[in-house]
Amino acid sequence: MSILGTRVVRTEDPRLLTVGGVYVDDLAIPELDGAVRATFIRSPVAHAAITGIDADAARRLPGVVAVLTAADIAEAMRPDKPMAEPLLAIDRVRYVGEPVALVLTDGTCQGEDAAELVAVEYEPLAPVVTVADALLAKTLLFPAAGTNIAGTGTAGRADPDRFGGCEVVVERTIVNQRVAPVPLEVRATAARWSDGRLTVWASTQNAQLARDTIARRLGLDKSAVRVIAPDVGGGFGAKVGIDRDALTVAWAAYHTRGSVRWAETRSENLSGMVHGRGQRQTIRIGGHRDGRVIAYQLSIVQDCGAYPRSGAFLASLTQLMASGVYDIPGCGADYQAVVTTTTPIAAYRGAGRPEATAAIERAMDLFAGQIGMDPVEVRRRNLVPAQAFPYRTATGAVYDTGDYASALATVLAGAGYEDLRAEQARRRERGDVVCVGIGVSCYVEITAADAASGETARLAIDGDGSATVYTGSSAHGQGHATAWAMLVQDELGIPMERVTVIHGDTDAIPEAVGTYGSRSLQLGGAAVHKAASQVRDKARQIAAQLIEASEADLELDRDHGFWQVRGDPTTALTWAQVAAGAGEDGLEADVRFTAPQPTFPFGAHLAVVEVDTETGKARLVRHVTVDDAGVIVNPVLAEGQRHGGIAQGAAQALLEEVRFDADGNPQTATLADYAAVTAPDLPSFELLDSVTPTTVNPLGVKGIGEAGTIGAMPAVQSAVIDAVAHLGVTHIDMPATPQHVWAAINEARAAR
Amino acid sequence: MIPAPFTYRRAGTVAEALEMAAESGEDAKYLAGGHSLLPLMKLRLAVPEVLIDIGRLREAAYVRDEGGHIAIGALTRHHDLATSGLLASRVPLLAYAAGCVGDPQVRHRGTIGGSLAHGDPAADLPAVILALDATLVAQGPGGTREIAAADFFQGLYETALAPGELLTEIRVKRPESAGWSFQKFTKRAIDWAIVGVAAQGDRVALVNMGMTPMRAVAVEQALAAGLAPEQAASHAADGTSPPEDINATAAYRQHLARVLVGRALAQARARG
C-alpha cells in the first residue's frame with residue numbers, strides 16, 4: 001500500500017517540541033564567536049529630511065564598536081533608480097521605523113542605550129499616510145520620480161458600455177486593510193566575513209534568492225556568498241529572500257570584515273517588517289434580476305508603503321484573479337500602486353489573491369442584496385461549469401481543473417445551510433439581542449504562479465542504503481521533511497526514517513527558488529518525485545548488471561525496499577548493495593522540475609457568526625470548508641495548512657489591522673495593540689474533503705498553504721454583515737471589530 | 001525591548017523591603033509579579049533606577065478567613081485567587097474576576113497587590129475591590145495604616161501609597177448582598193477590557209472609563225432612589241470621561257458602560 005495520502009505524523013515535531021528548534025539567534029557556533037551585536041537606529045518620524053547625525057556620544061559609550069550611517073556605504077551600493085531602497089536612509093526618511101544608522105556593540109544589552117545617544121536631526125516633511133493622499137500628489141516621496149505612482153496595470157475588458165445592458169448595477173468602494181504577518185520568530189540575521197567569503201545565517205524562505213540579492217547589492221560574486229537558513233519560525237511570505245534590514249546587517253559584516261548578529265524586537269517587527277494587503281478597491285458589478293452577472297470591474301489602489309518592494313506585483317495578481325470562480329464575460333480590472341510614508345508592503349499569506357476573492361465575493365453579496373436573491377443562489381447561477389476546464393478568464397488566467405458547484409454544494413450540505421437560515425429567522429423573529437449571520441464564499445486562487453521557474457531536487461542513495469534529499473524548497477513550518485520522505489518511500493521503498501531532507505544552504509543546494517506562493521509540493525515535491533524516478537531507473541540498470549538479469553525482468557519490492565527478479569526473492573538486492581554497484585559516480589539524480597502552468601486550487605467556505613447587537617461584538621462560532629488542492633499527500637499536513645490559513649483569514653475579517661495616526665505614527669506596534677488572533681478567539685474548524693487532481697504535475701497536486709486564508713476572510717466578513725442585514729446594514733469594512741459593527745448598526749438605524 | 005540600566009535588589013522580608021526603599025529614595029520601584037512594570041520598562045516608558053524585588057516574600061501570599069473579613073496577602077497571585085475555595089464561597093466576585101486577568105502566564109506571575117498598586121484604570125481588579133468596598137493595608141516607614149478602596153486610586157497610575165510605602169494586605173468584608181457580576185468586554189480573549197463592570201449587590205464599579213477605576217456613583221444613587229436596574233443602568237456613563245483609543249471612541253465606551261452595567265445588575269440580582 002502506498003504511504004501517500006495517509007496520516008503520517010510530522011517527523012519534525014519531536015525535536016521542535018522537546019529540545020526546541022535552533023533559530024538564527026540561537027546559533028552557538030564557533031564561526032559566530034565574538035560576533036558584535038547590531039542595533040538599528042530607526043526613524044521616529046514618518047517623513048523628514050535628515051539634516052545631521054551626531055554619533056560621537058554613542059561612540060564614546062563603553063562597549064560600542066561602531067556607529068554606521070549611509071556615509072559609510074560605498075557609492076556603488078546606493079540605489080540606482082528613483083524609488084529604489086537604500087540600506088541606511090540617505091538624506092531622507094519615509095516611514096517610522098526606517099533604518100537610519102546601525103550601532104555595533106560587543107555585548108547584547110548596550111545597543112539600545114547607545115542608540116539613545118545618537119542624535120539625528122530631522123526636518124519634518126508632510127506625511128503621506130493614505131493612498132488618497134498619495135494620489136493627490138501634493139507631497140512626493142521621491143521628487144526625482146515626479147510621481148507617487150509606482151506602477152499601473154489593466155486587464156480584461158475595458159469598455160465601460162458593457163454595464164449598459166445591465167438591469168442592475170452596484171458600485172462600492174471597500175477596504176482590504178493592511179495587516180501584519182506576525183511570525184513567531186521575528187527577523188534575525190547573523191553574518192561573517194572570513195577568508196574572502198561572506199556567510200549569512202538568515203531567517204528566510206529562500207536562501208538562494210537571499211544569496212543572489214546579497215551578492216548583487218554588495219557587488220560580490222555569487223560564489224563569495226553563502227546563505228544558510230537554520231530553523232525558521234514562520235514566514236507567511238514576509239521572509240521571502242532577504243529584506244533591507246537583514247541586508248544591512250550582512251553589509252555591516254562585510255564592511256567591518258567581521259561577524260555581526262542581529263535579532264529584532266517585537267515592536268521593531270511590527271513596524272519594520274513588511275506588512276501585507278493594503279488595497280482600496282472600487283467594485284462595480286452589473287447583471288440581470290434573474291441573478292446572472294454580466295459585467296464586473298475591479299479598480300485597485302495598492303498601498304506599497306514607502307518603497308515599492310512587491311506592491312505592484314501583488315496588485316497584478318489581484319487583477320489576474322478578479323473574476324474568481326465566476327464566468328463573467330465582461331470582467332475587467334485595473335490598478336495603481338502608490339507609495340506612502342508607511343511601512344513597506346509585500347507578500348503575506350495569499351499575496352494579492354485574498355484581495356481579489358474578498359472583492360468579488362463582496363460584490364456578489366451586494367448584487368444579491370440588490371436583486372433580493374439568496375447570495376448562494378446568485379453564486380450558483382454564475383459559477384464556471386465543471387465541463388468548461390481548462391477555462392480562460394477575461395483577465396487572462398487559465399484555470400486548470402475545478403468543480404466549483406460541487407465544492408459549494410458540499411459545504412452547504414455539511415453546514416446545514418437551510419437549518420442555519422431557519423435559526424437566523426427564528427432569532428430575528430424573537431428579537432434576540434444575539435443574532436446569527438451566515439457567510440458563504442467561493443474561491444479559486446493561483447498557486448505556483450511562476451511554475452516555469454520550477455524547483456530543484458537532488459537525491460542521493462548513501463552507501464548504507466539510506467537516502468538524502470537536497471531540496472530547493474525551504475521549510476519553515478510546513479512539514480517538508482515529512483512529505484518529501486513520504487515521496488521517496490513511495491517511489492523507492494526506502495523507509496521514511498532512512499530519508500534525510502536537507503534544505504536552506506546555498507553551498508549544499510546552489511540552485512533553487514525556495515518557498516512562496518504555495519509552490520512547494522507541486523514544484524519542490526514534484527522535483528523530489530522526479531529525482532526518485534530517475535534514481536529508480538538508474539538502480540534498475542545497476543541491479544540488472546549485478547543480478548545478471550534483464551532490466552525488464554526486475555522489480556522493486558516497494559514494501560521492503562528490495563530489487564529482485566520478479567517473483568524470485570533469492571535474487572533480492574538491498575539499496576545498499578545497489579548503491580555499492582553504482583561505482584564512483586554514486587547513485588543519485590539532480591533535477592529541476594518545471595510545470596507547464598500554474599495550478600488553481602478552489603473551494604467554498606461557510607462561516608457562522610454570532611453578533612451581539614447591543615455591543616457590536618462578533619464571534620465566529622462555526623467555520624465549514626472545502627479546500628480542494630488536488631491530490632493530498634498527507635492529510636495531517638494539509639489540514640494544518642488549512643487550519644492556520646483559516647485562522648489568519650478570520651483574523652483579518654474580525655480583528656487585525658495595522659493602523660497609523662494622521663502623522664504616520666504606528667498605533668499597533670505592540671501585541672497589546674495589534675490584535676493578532678489567538679486560539680480562544682476561534683472555534684474548531686470543520687474541514688470537508690474534495691479532490692480534483694490537476695494534470696500539470698505527475699503528483700496531481702496543487703498548493704494549499706494560502707487557500708484557507710483566501711476562502712475564510714470573505715466568508716467571515718460576509719457572515720458579520722449578514723447577521724445585522726435585517727437592521728439595514730449592507731457593508732462593514734474589515735476588520736469587523738465591535739466598534740465598527742456597532743457604528744454600522746447605528747448608521748443603518750439612523751438612515752431608516 | 002531592553003530596559004535602561006537599573007540596580008536590582010531582592011528583599012527577604014517586608015521589613016527589609018521597606019528599609020531598601022528608604023535607602024533608595026524616589027527612583028525605586030517595588031517589583032512583584034512584574035507583569036505590569038517590566039513591559040513598561042522594556043518600552044522604556046518606566047525607567048526606575050532601583051528595583052526592589054519583593055516577588056519572593058511568600059509570607060505575603062495568602063487568603064485567610066479572619067472571622068470578620070477575608071485577608072488577602074498582597075503578593076497572592078491571580079491564579080491563586082481564581083482557584084481559592086475560600087474566595088469562591090465567600091467573595092466569588094474576586095475569584096471570578098482574578099480568573100479573567102490577562103492570560104494563564106500573567107495569572108501565574110501577576111499579583112493582586114502589584115495590580116492594585118500599579119493604578120491602571122484598565123486593569124480588572126481595581127474595580128473589583130471598589131465594588132467590594134475593600135480595605136487596603138499599607139506599611140511604610142511611619143508604620144502600618146489602612147486605606148479605604150474608595151480613597152486609594154488618585155489618578156492615572158497614581159495611588160494613595162506614599163513613596164516607599166508597600167501595599168501588604170487587602171481586607172474584604174463579607175458582602176451584604178450576595179449577588180455579584182463581572183462583565184469584561186474585550187476584542188480578543190486575552191485583551192485588557194475595553195470597558196468592564198464589577199457589581200456586588202448595588203455597588204457598581206467601572207473599568208477603563210476614566211483616569212482611575214471608579215464607582216458608578218450615578219447608578220448607585222439611582223438604585224438607592226428606587227429606580228429599576230435597567231433605568232439605573234442608563235446612568236452608567238454619567239460623569240465619566242473615558243479614554244479614546246484604537247479600540248473605542250469615548251461615546252462607544254459610554255454606550256458599552258450602559259449596556260454592561262445593565263447586564264451586570266441583572267446578573268447580580270439573579271444571583272442575589
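How many residues of chain B are in contact with residues of chain A, and how is the sheet of chain B arranged?

Modeller: The model is predicted. In it, 14 residues of chain B are in contact with 20 residues of chain A. Helix α12 of chain B, residues 250–271, supplies the largest share of the side of chain B that touches chain A, namely three residues. By class, that side of chain B consists of eleven nonpolar, two charged and one polar residues.

As to the sheet of chain B, three strands form an open sheet in the order β1-β3-β2, and their pairing is parallel. Strands β1 (7–10) and β2 (28–31) of chain B stand at the edges with a single partner strand each, so one side of each has no neighbour in the sheet. On average, neighbouring strands of this sheet are turned by 25° against each other, direction ignored.

The pairing of β2(B) can be followed in detail. Four bridges join β2(B) to β3 of chain B, residues 50–53, and the two strands run parallel. Within β3(B), Asp53(B) is the bridge partner of Leu31(B). In general terms, strands of a sheet pair through backbone hydrogen bonds, either parallel or antiparallel.

Helix α1 of chain B, residues 14–24, lies across β1, β2 and β3 of chain B. Relative to β3(B), helix α1 of chain B runs at about 175°.

How values were computed: Residues are numbered from 1 along each chain as its sequence is written. Chains are lettered from A and ligands numbered from 1 in the order in which they are written. This is a predicted model: local features need pLDDT of at least 70, side-chain atom pairs count only at pLDDT 80 or more; totals for chains, interfaces and linings use all residues. Two strands pair if DSSP finds at least two bridges between them. Axes are lines fitted to C-alpha atoms, for helices over the stretch in contact, and angles run from 0 to 180 degrees between N-to-C directions. Two residues are in contact if their C-beta atoms, placed from the backbone, lie within 7 Å. Ala, Val, Leu, Ile, Met, Phe, Trp, Tyr, Cys and Pro count as nonpolar, Asp, Glu, Lys and Arg as charged, and the others, Gly among them, as polar.
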